[in-house]
Amino acid sequence: MNSNLVKCTRISVDCVTNDPVDIRCGGPEYLGFDFNVREKDAEEMKKFIIVTLSSFEIPIKNLYFSGTINLNEENIWTKERIVTEIKKDAEFLKHNAKRNYPRTLKK
């Protein structure tokens, strides 16, 4: 067992409703992000994520803590990695937000 594991909190972000066809095929109800951050930094990182998404004009439907996990240092999300990931997906998410899919529940 690796003794260098760090307790992390998963921050889940639902940005836009997914395509109903993709949902029926097993895809997620929302498109967005999951970031595993140090538990002690979770509140600060949550605020940072909100500001970053806003700066890229990406909508937020929901943002929440969705669990905890022990990770090695290299698997923990830093502010720099979060910005890079959000920037990478920004245009895709904004494009999907314009589609205005109705919210559907998985059956």
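Which residue just after H2 takes a positive phi? I found Glu57 there, with a phi of about 55°, although Glu57 is not a glycine. Glu57 lies in the loop between H2 and S3; helices (H or I, at least four residues) and strands (E, at least two) are DSSP runs, numbered from the N terminus. Glu57 counts as exposed because its relative accessibility is 62%; exposed means over 50% relative accessible area, buried under 20% and partly exposed in between, with a 1.4 Å probe and protein chains only.

A note on the source: this is a predicted model, where local features need pLDDT of at least 70, side-chain atom pairs count only at pLDDT 80 or more, and totals for chains, interfaces and linings use all residues. Residues are numbered from 1 along each chain as its sequence is written, and side-chain values use heavy atoms, leaving out hydrogens and water.

Next I looked at H2 itself. Ala42, Met45, Ile49, Thr52 and Leu53 are buried in this helix. Seen down the axis of H2, they fall within an arc of 95° (taken from the directions from the helix axis to the C-beta atoms), so they line one face. On the face turned away, I noted exposed Lys47, Val51, Ser54 and Ser55. Among what covers the buried residues are strands S1 (6-17), S2 (30-38) and S3 (62-71), and helix H3 (79-97).

Last, I checked Cys8 in strand S1. Cys8 is buried, at 0% relative accessible area. Its contacts (heavy atoms within 4.5 Å) include Asn36, Val37, Gly67 and Ile76, not counting residues up to four places away in sequence.
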